[in-house]
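Dear colleague,

Please find below the structure that I am handing over to you. My notes on what was found in it follow directly after.

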Amino acid sequence: MTSPAVVDLDVTPLTLRIGARVDGVRLSGDLDAATVAALRQALLRHKVLFFRGQHHLDPDSQIAFARTLGELTLAHPTQASLAGYPLIHELDASKGGRAGAWHTDVTFVVNPPAISVLRGVEIPATGGDTVWGNTATALSDLPLELQTLAESLRVFHTNQHDYGLRRQDLEGLPEEFIARFEEFRSIEFEAEHPVVRVHPETGERALVLGGFVKQLKGVSQSQSELLLNIFAEVVSRPENQVRWHWNTGDVAIWDNRATQHYAVNDYTTEPRIVHRVTVAGDLPVGTDGRPSVVRAGDASSYSPIAPVWVR
């Protein structure tokens with residue numbers, strides 16, 4: 001019996017805690033199983049992988065590559081996909097696609113994506129970087145007493161505010177920004193997650209928070225805000241971050257189960273268009289073994305994992 005092939009990737013860590021650049025790999029749906037397995041292992045270790053110069057990719061081949069990592073979700077639970085591509089979520093800065101807040105993708109559904117694959121289609125000459133934070137090391141940076149507290153808490157996530165944006169914040173914005181906001185909220189979704197989940201592949205504990213958080217369960221609004229700010233502060237520490245300066249044709253792949261990210265909104269009217277494809281995730285499970293549950297909205301058509309409902 002022959003041993004499975006082992007691929008030695010050219011991986012350069014960008015920080016000690018998060019992020020690595022991978023060279024010498026041409027992303028496609030034709031990658032052999034050994035290379036895909038090596039990429040997955042590198043992703044689990046570094047949380048975010050970056051690939052320069054993937055200019056050969058187009059919507060079809062980006063989808064084909066993403067399929068090698070697992071079953072895919074639709075583009076988004078409420079927002080329209082790229083025309084002709086129901087699996088691609090286009091973020092176009094000129095149409096309100098600016099997410100200048102810390103978040104984990106689509107945590108307002110019960111099973112957020114496991115992996116996100118983002119491709120730079122048009123990138124401004126200056127600005128428009130993305131920053132990722134390691135939510136596992138962030139948790140470990142908390143004092144043990146606060147880690148224990150976080151593990152005991154549950155939290156509500158909702159899409160009824162877009163990365164914390166409120167309706168009163170829309171005054172004076174272009175019509176396309178307002179339309180995007182309304183589309184985002186057009187179907188109400190709310191999920192109850194553990195504040196700390198156990199990673200299904202590594203066993204690491206990581207925070208499940210970010211811009212879609214509404215309130216801690218069983219905690220007053222004021223106390224909830226205080227605690228959430230404490231937990232958020234460790235994610236935003238530079239020690240837990242990696243920052244990527246995009247070029248057109250770059251690809252970033254991140255583990256959505258152990259990261260948050262922030263698209264830096266520091267550019268003006270230059271085009272910034274990126275395409276995202278996401279791999280379906282499982283139900284987050286807390287350290288007590290309790291999974292996430294649905295509180296509002298049926299996202300089963302968006303993601304193939306069956307939800308657990310709570311009344």
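How many bridges join strand 6 to strand 12, and in which sense do the two strands run? Strand 6, residues 130–134, is joined to strand 12 by four bridges, and the two run antiparallel. Please bear in mind throughout that this is a predicted model.

Trp 132 has Val 242 as its bridge partner in strand 12. On the side of strand 14, five bridges connect that strand with strand 6, again in the antiparallel sense. Here the bridge partner of Thr 130 is Ala 263.

A second open sheet consists of seven strands in the order 1-2-3-13-5-15-4, and its pairing is mixed. Strand 1 (10–13) and strand 4 are the edge strands, each pairing on one side only. From one strand to the next, the twist averages 25°.

Within this sheet, strand 5 (residues 115–122) and strand 15 (residues 273–279) run antiparallel and are joined by seven bridges. One example is Glu 122, whose bridge partner in strand 15 is Ile 273.

Strand 4 covers residues 89–92 and includes His 89. Is His 89 buried or exposed? The relative accessibility of His 89 is 4%, and a residue counts as buried under 20%, so His 89 is classed as buried. Its side chain makes a polar contact of 3.4 Å with the side chain of Gln 79.

**Residues in the loops**

Lys 47 is not a glycine, yet it has a positive phi of about 75°. Lys 47 sits in the loop between helix 1 (33–46) and strand 3 (48–51). With a relative accessibility of 3%, Lys 47 counts as buried. Val 106 also has a positive phi, near 55°, in a residue other than glycine. The loop that holds Val 106 runs between strand 4 and strand 5. Val 106 counts as buried because its relative accessibility is 3%.

Where does Ser 186 lie? Ser 186 is found in the loop between helix 5 and strand 8 (190–194). The side chain of Ser 186 reaches the backbone oxygen of Glu 183 at a distance of 2.7 Å. Ser 186 and Thr 78 are 108 residues apart in sequence, and their C-alpha atoms are 6.6 Å apart in space.

Gln 160 is placed in the loop between strand 7 (154–158) and helix 5 (175–184). Its relative accessibility is 25%, so Gln 160 counts as partly exposed. Gln 160 and Val 195 are 35 residues apart in sequence and 19 Å apart from C-alpha to C-alpha.

**The largest pocket**

The largest pocket holds about 460 Å³ of space. It is lined by 21 residues, and the closest to its centre are Gly 210, Gly 211, Val 213, Leu 228 and Asn 229.

Which element supplies the largest share of the lining of the largest pocket? Helix 6 does, with seven residues. Helix 6 (221–235) and strand 11 (213–216) each contribute at least two residues to the lining. By class, the lining contains six nonpolar, eleven polar and four charged residues.

With kind regards

Methods. Residues are numbered from 1 along each chain as its sequence is written. This is a predicted model: local features need pLDDT of at least 70, side-chain atom pairs count only at pLDDT 80 or more; totals for chains, interfaces and linings use all residues. Side-chain values use heavy atoms; hydrogens and water are left out. On a 1 Å grid over the protein atoms alone, a cavity is a set of points where a 1.4 Å probe fits but cannot get out, and a pocket is an open set with protein on both sides within 12 Å along at least five of seven lines; lining residues have an atom within 4 Å of a point. Grid points are joined across faces, edges and corners, and a volume is the space filled by probe spheres set on the points. Ala, Val, Leu, Ile, Met, Phe, Trp, Tyr, Cys and Pro count as nonpolar, Asp, Glu, Lys and Arg as charged, and the others, Gly among them, as polar. Two strands pair if DSSP finds at least two bridges between them. Buried means under 20% relative accessible area, exposed over 50%, partly exposed in between (1.4 Å probe, protein chains only). A polar contact is a pair of N or O atoms within 3.5 Å; within protein, one must be able to donate a hydrogen and the other to accept it, and residues adjacent in sequence count only if both atoms are side-chain atoms. Axes are lines fitted to C-alpha atoms, for helices over the stretch in contact, and angles run from 0 to 180 degrees between N-to-C directions.
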